[in-house]
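Let's learn to read a protein model together, one feature at a time. Have a look at it first, and then we'll talk.

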Amino acid sequence: MSEKRIVIDPITRIEGHLRIEVVVDENNVVKEAYSGSTLWRGLEQIVKNRDPRDAGFFMQRICGVCTYSHYRAGIVAVEDALGIKPPLNAELTRTLMNAALYLHDHIVHFYQLHGMDWADVVSALSADVHKASEEAFKYTSTPFATGADKLKEVKERVEAFVKKGNLGPFANAYWGHSTYKFTPEQNLIVLSHYLECLRIQRTAAQMMAIFGAKNPHPQSLTVGGVTCVMDLMDPARMGEYMSKFAEIKEFVDRAYYPDILMAAKAYANEPSVLNDVGVSNLFCYDEFLIGKNDHLFKGGIILNGDLSKVYDIDEDKITEEATRAWYKNDKALHPYDGETEANYTGLVDGESIDGEGKLAHSKLFDTKGKYSWIKAPRYDGMPMQVGPIASIVINYAKGNERVKKVVDEFLAKSGLPLIAVFSTLGRTAARMLEAKVVAEHTMDAFNALIENLKTDQETCAKYVIDNKKEYKGNFQGNAPRGALSHWCRIKDGVISNWQAVVPSTWNASPKDAKGQMGSYEACLVGMKIADLSKPLEIIRKIHSYDPCIACAVHVMDTKGNDFSTYKINPNL
């Protein structure tokens, strides 16, 4: 048997540094897969011995995309430790900020990061704009930015890149790959929405800044509540949120939803995007408080893909281990007791397929030892898959009517069975469906906030920190990429330990002591690759998780040496 290794390093169009290695047999079928990150996260070390009230501001620097998720997690973990219950106004305001993040993140993920795995830009250049305009009406009665004149303009913009000798932002991709299934006209529709999303995402960022003061690193959350009191009392600011939200919702309804519906039909028989569940254990938390004691999404666990039973979460069963990760302590530790002491053992010499399909010398993962800076989180010893797929499937299985209505409608329109969600196509669709549910119900939280403000203007709870006491607490919720938890210990008035178990740590985890794979690795095994020099199938599958490796790894220099110096002209 002749086996070959393919190395993709880095996986592009994601946040952070991710390396994927696969071993294929003589038929180009993946037999082994390895997922690893090549940068180390030091934020858990940086926050030690600091005032716990500052933790949220440090934690949001974990990532440049889901900043608000980690900001809120850092704040809530400390609130939980100190026994603080924020006022309802504060919690609902946090929901409105969270909605801005989710909607921004999901639309940007599909169009700017993942959409080009489905749509062939070069093919779009041969589209008939009138046929493309007519095609758009098959998926919605009110298509967005798909008039013949608009599509003609889009074609001309991209053709201008080609005339210059390159495709600009669309260069260096696998255009023409055999697993692309959209027609030229369908490709042009997605391309138009890609360009429109560049404008729409700005509106989503502004929506976050209304209550957050800035984006991507908002400033208005504080231990005990929120500080944006004047904005909450200003009808103009509240109206501004409503108008910007309406613009984002329109894009979700008229562009994002129909484009995924179009993909569901076009790719319904493409093997490379089907039947690749990855890890079939699903995990999500309660998320999106839209009224008192009313969460839009409910938490739970599904084991082995069995939708007939949803289990409650037991936080004591969560551990992280480092058998295959570059840390010293390999034991399965609960996050409260987690350790982050580096033990880098490096790569090994070997050969892999290069961009021309030939064997070339490479530095490879040590697949018999440690090969990633990402730890291996486990629930009761089992790997879990997190993300919108878990949120949607678990809530569907629990009979959550808000979710069930949206899912049933999509399944009826697409003709796909529910089981199709356990796939690359399903993960991509589930992310859109989550955005759709958020878009349908954000105004529930907004209206609840307006009503509550009529009789209650409290935005922050009072509290004290007793430096003689020891505290521990956590945040358990969801980020756009899935289940997120932060765990802290406070002693002598400062943080003594902090651990963040993030969505991409769950999904991108390396093998554990039992050899169990994380979901990235598991979803690749058994897949046939059409062209070893152009492994689009691998990239498409990995992108369907929306990897945020920066959440899992960072780098720091404890000696205080300068890595680089950057000068910025503030007048530009």
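Q: Is Val154 buried or exposed?
A: Buried means under 20% relative accessible area, exposed means over 50%, and partly exposed is in between (1.4 Å probe, protein chains only). Val154 has a relative accessible area of 2%, so it is buried. Keep in mind that this is a predicted model, where local features need pLDDT of at least 70 and side-chain atom pairs count only at pLDDT 80 or more, while totals for chains, interfaces and linings use all residues. Residues are numbered from 1 along each chain as its sequence is written, and side-chain values use heavy atoms, with hydrogens and water left out.

Q: Where is Val154 found, and what does it touch?
A: Helices (H or I, at least four residues) and strands (E, at least two) are DSSP runs, numbered from the N terminus. Val154 sits in helix H7, residues 148–163. As for touching, contact means heavy atoms within 4.5 Å. If you skip residues up to four places away in sequence, Val154 touches Leu188, Leu191, Ser192 and Leu195.

Q: And Arg72, is that one buried or exposed?
A: With a relative accessible area of 11%, Arg72 is buried. You'll find Arg72 in helix H3, residues 67–82.

Q: Which side chain makes a polar contact with the side chain of Arg72?
A: A polar contact is a pair of N or O atoms within 3.5 Å; within protein, one must be able to donate a hydrogen and the other to accept it, and residues adjacent in sequence count only if both atoms are side-chain atoms. Here the partner of Arg72 is the side chain of Glu287, at 2.9 Å. Setting aside neighbours within four places in sequence, Arg72 is also in contact with others, including Arg94, Asn98 and Phe475.

Q: What is in the chain as a whole?
A: Count 17 helices and 16 strands. The radius of gyration (taken over C-alpha atoms) is 23 Å, close to the 25 Å that the globule rule gives for 572 residues, so the chain is as compact as a globular protein of that length. That rule is 2.2 Å times the number of residues to the power 0.38. Buried residues make up 59% of the chain.

Q: How much space lies in the largest pocket, and which residues line it?
A: On a 1 Å grid over the protein atoms alone, a cavity is a set of points where a 1.4 Å probe fits but cannot get out, and a pocket is an open set with protein on both sides within 12 Å along at least five of seven lines; lining residues have an atom within 4 Å of a point. Points are joined across faces, edges and corners, and a volume is the space filled by probe spheres set on them. The largest pocket holds about 780 Å³. Its lining has 29 residues, and Val76, Lys85, Glu91, His295 and Gln476 are the closest to its centre.

Q: How many cavities of 30 Å³ or more are there, and what lines the largest?
A: For classes, Ala, Val, Leu, Ile, Met, Phe, Trp, Tyr, Cys and Pro count as nonpolar, Asp, Glu, Lys and Arg as charged, and the others, Gly among them, as polar. The lining of the largest cavity has 15 nonpolar, one polar and no charged residues. Its largest share, five residues, comes from H13.
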